[in-house]
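Please read these notes with the model open beside you. They go from the overall fold to single residues.

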Amino acid sequence: MGISADFPWVERMDTIQTVSVIIPVLNEEDAIAKVIADIPQTGNKGEITVQEIIVVDNGCTDNTTAIAAQCGARVVTEQRRGYGYACLAGIAALATSAPDIVVFLDGDYSDYPTDMPRLLQPILEGSAALVIGARTQGDAKEALLPQARFGNWLACFLIRRFFGVSYTDLGPFRAIRYPDLLALNMQDKTFGWTVEMQLKAAKLGIAVREVPVRYRKRIGTSKITGTLTGTL
């Protein structure tokens, strides 16, 4: 069986599993090059390959998009502000590439792109169709602002209380099979995106797994928990 340099746990498969990475951004010029550079690009033939990186410009006024393009990313523009708007624009851009798997990743370098194999493993093994990167384990908790930790806990508690589904995190770093992503028919335009995805997956009976991922303090200031209005 062949072994991939970037994905050492993946055994050789009959066909290459293609991955598209979607990165919503708003003024991340100091971080975006680091994010793109750390994304594992390819495995050996018959295993897996990252076929494209889509950076969604959600109203940048700095050099983020120019840097992303220089780093080889495909830049898509969505001027309507909102995390959901940006993710939906990234999904729409997949129509021409139709990957096997889609990875969502933040552009502020708080996630570790090198942890992407952890998210892909359950999908490639067939044990899950949606994998959430759980930041609530290990040192990752310390990098989350107090208001982010509380909001995350409250949302997960309410999901469990009213829908009977247990999650520990609503982290943005996640991977999902493309057909299942389309089946979810995502609609949220702002910051309920992750909640909508996880609730719809549960309702549709899509297999979901959480895997621990590393997390660090972001580069720059958060547009959500780093501001009063964003936190509210």
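1. Overall content. The protein chain has nine helices and seven strands. Helices (H or I, at least four residues) and strands (E, at least two) are DSSP runs, numbered from the N terminus. This is a predicted model, in which local features need pLDDT of at least 70, side-chain atom pairs count only at pLDDT 80 or more, and totals for chains, interfaces and linings use all residues. Residues are numbered from 1 along each chain as its sequence is written, and side-chain values use heavy atoms, with hydrogens and water left out.

2. Of the 232 residues in the protein chain, 51% count as buried. Buried means under 20% relative accessible area, exposed over 50%, and partly exposed in between (1.4 Å probe, protein chains only). The chain exposes about 10800 Å², and carbon and sulfur atoms supply 53% of that. Areas come from the Shrake-Rupley method with a 1.4 Å probe; for residues, only the protein chains shown count as cover. Take contacts between residues at least 6 apart in sequence: 74% of them join residues at least 24 apart. Contact here means heavy atoms within 4.5 Å.

3. Salt bridges across the chain. How many salt bridges does the structure hold? There are nine. Each is a side-chain nitrogen of Lys or Arg within 4 Å of a carboxyl oxygen of Asp or Glu. One pairs Asp-108 with Arg-218, with the closest N and O atoms 3.2 Å apart. Asp-108 sits in the loop between β4 and α4, and Arg-218 in the loop between β7 (208-212) and α9 (228-231), so the pair ties together parts 110 residues apart in sequence. Asp-108 counts as buried at 7% relative accessibility. Arg-218 is also buried, at 19%.

4. Asp-169 forms a salt bridge with Arg-135, the closest N and O atoms being 2.9 Å apart. Asp-169 lies in the loop between α6 and β6 (174-177) and Arg-135 in the loop between β5 (130-134) and α5 (140-143), so this bridge ties together parts 34 residues apart in sequence. Both Asp-169 and Arg-135 are buried.

5. Arg-177 and Asp-180. Their side chains meet in a salt bridge of 2.4 Å, N to O. Arg-177 is partly exposed, at 35% relative accessibility. Asp-180, in helix α7 (residues 178-184), is buried at 14%. Leaving out residues up to four places away in sequence, Asp-180 touches Ala-129 and Ile-206.

6. Helix α8. For the twelve residues of α8 (193-204) that gives 16 Å; the end C-alpha atoms are 16 Å apart, which agrees. Buried residues in α8 include Trp-193, Met-197 and Ala-201. Gly-205 follows α8, with a positive phi near 75°.

7. Ala-98 has a positive phi of about 45° although it is not a glycine. Ala-98 lies in the loop between α3 (83-93) and β4 (101-104) and is partly exposed at 44%. Tyr-109 has a phi near 70°. Tyr-109 is in the loop between β4 and α4 (116-125) and counts as buried at 16%.

8. A buried loop residue. Glu-47 is in the loop between α1 (32-37) and β2 (48-57). Its relative accessible area is 0%, so Glu-47 is buried.

Technical notes: The expected span of a helix is 1.5 Å times one less than its number of residues.
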